[in-house]
Structures are given as structure tokens and as C-alpha cells.
Amino acid sequence: MVNYILSKMIINNIIDENELDNYHYALEVLFLKMVHFIMIIGIGLYFNILIETIIFLYIYCSVRKYIGGYHSKNLYICLLLSVLFIVFLELLLTYKEFFDEKIIFLVIFIGLCYFYQHCKNYFLTKIKNNMVFIIISSAFLLIIAQKDYLISIAYAIVLNFFLFKLSKI
């Protein structure tokens, strides 16, 4: 499919043939990310936790973008881990009665403070705005007692913490 799209782009003079390798790589990455995203959303739909999955993905990706973390060297292991992350989110949400909302909020706040301290200097301004948004959103969710959404945010932050630490080993 990638080769078909690239051949059409060359025929229509959209790209130069000398740039074929770069575009091939970019399209492969784009398709893999789309498949990855569709799988995760599909699993969230299957477990009936679509909103929680979207919140988790947004927080997970927005924090990970700035702090980095462990990256699997194998595509299939990456996909498997992503599936397991959402299955574990479902498990956390199933046993949500064991979590106190104020402790969840505290985990979110402490986790974000930790990431702020360990973020590269050139990302500080960008991540600060993102963290303020996450904290205000979490406080709002705490006030309106949306434990499922708070758990999704806290889980994304805790998972980022572990993957960040794992990348340093």
C-alpha cells in the first residue's frame, strides 16, 4: 500500500524520486501509528471505557512526548504492551472502589512535579502549560467526583514514570 501511494505521488510530481526513501519511512510510521491507535481505541470500546482510554492516551502521550521513556525495539512487543496497558486500565477501573480520589489526585500532582524536575530545559515552557492543564482538569474531576477519569490520568502518569525509569536502566 505504501509503495502504491508513493508511486502515485511520484507520477503526479508531488514528490521527487530522490526523496522516496524518506517518504517511504514516513508513510510506514504513519500507518503503524494509525493501526496502533485504532487497536487501542477498539480495545477501549470493547471494554466500554472509550472516554477513559482517550483520557489515558492524551495524558500518556502528552507527558511522554516531553520526558521520553522506554521504547520497545520490536513492533509486535510494542503493540502487545499497548494492549496490556489498556487491559490493565480496565482492571484498575473494575476495582476503583479501592482507590481514594484525594490520593489519586496527590499521585497526579507528585508525578507531574517529578516530571517537571526531570524534563529537558528546552521543554520546560511547553510541559509547564501542559502540566497546569492536567492539574486543573484533575482538580475539577476531583470536585465533580469522576473517579474513573482521575484513575485514567493517574495511571498514565504512573506508567510514564515506570517507563521513564526503565529507559534509564
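Good morning. Cys-78 is found in helix 4, where helices are DSSP runs of H or I of at least four residues and strands are runs of E of at least two, numbered from the N terminus. This is a predicted model, in which local features need pLDDT of at least 70 and side-chain atom pairs count only at pLDDT 80 or more, while totals for chains, interfaces and linings use all residues. Residues are numbered from 1 along each chain as its sequence is written, and side-chain values use heavy atoms, with hydrogens and water left out.

Let me stay with Cys-78 for a moment. Is Cys-78 buried or partly exposed? Cys-78 counts as partly exposed, because its relative accessibility is 28%; buried means under 20% relative accessible area, exposed means over 50%, and partly exposed lies in between, with a 1.4 Å probe and protein chains only. Leaving aside residues up to four places away in sequence, Cys-78 touches His-36 and Ser-72, contact meaning heavy atoms within 4.5 Å. Phe-99 is 21 residues from Cys-78 along the chain, and their C-alpha atoms are separated by 29 Å.

I turn now to the chain as a whole. The secondary structure comes to 7 helices and 0 strands, and from the N terminus on the elements run α-α-α-α-α-α-α. The C-alpha trace spans about 60 × 40 × 30 Å along its principal axes. Of the 169 residues, 37% count as buried. Among contacts with a separation of 6 or more, 74% are between residues 24 or more positions apart.

Next, the packing of the helices. Helix 2, residues 20-46, and helix 3, residues 50-67, pack at an angle of about 145°, with their axes 7 Å apart. Here the axes are lines fitted to C-alpha atoms, for helices over the stretch in contact, and angles run from 0 to 180 degrees between N-to-C directions. Helix 2 passes helix 3 in a right-handed crossing; a crossing is left-handed if the near helix is turned anticlockwise from the far one by less than a right angle, and right-handed if clockwise. On the side of helix 2 the contact involves Phe-37, Ile-40, Ile-41, Gly-44 and Leu-45, which meet Leu-50, Thr-53, Ile-54 and Leu-57 in helix 3. These residues divide into 7 nonpolar, 2 polar and no charged. In this classification Ala, Val, Leu, Ile, Met, Phe, Trp, Tyr, Cys and Pro count as nonpolar, Asp, Glu, Lys and Arg as charged, and the others, Gly among them, as polar.

Thr-53 lies in helix 3 and counts as buried because its relative accessible area is 0%. Which residues does Thr-53 touch, not counting those up to four places away in sequence? They are Ile-40, Gly-44, Ile-86 and Leu-89.

Helix 7 has two contacts to describe. With helix 3, helix 7 packs at an angle of about 30°, the axes being 8 Å apart, and the crossing is right-handed. The contact includes Ile-55, Phe-56 and Arg-64 of helix 3, and Tyr-149, Ile-153 and Phe-164 of helix 7. By class, this contact has 15 nonpolar, 2 polar and 3 charged residues. With helix 5, helix 7 packs at about 35°, with axes 9 Å apart, and the crossing is left-handed. The contact of helix 5 with helix 7 has 14 nonpolar, 2 polar and 3 charged residues.

Finally, the pockets. The largest pocket has a volume of about 860 Å³. On a 1 Å grid over the protein atoms alone, a pocket is an open set of points where a 1.4 Å probe fits, with protein on both sides within 12 Å along at least five of seven lines, and lining residues have an atom within 4 Å of a point. Grid points are joined across faces, edges and corners, and a volume is the space filled by probe spheres set on the points.

Which of the 25 lining residues are closest to the centre of the largest pocket? They are Lys-33, His-36, Arg-64, Cys-78 and Ser-82, which brings us back to Cys-78. Helix 2 gives the most to this lining, with 7 residues. The lining has 17 nonpolar, 5 polar and 3 charged residues.

The second largest pocket holds about 180 Å³ of space. Its lining includes Leu-92, Phe-99, Asp-100 and Tyr-155, and helix 7 gives the most, with 4 residues. This lining divides into 9 nonpolar, no polar and 1 charged. Thank you.
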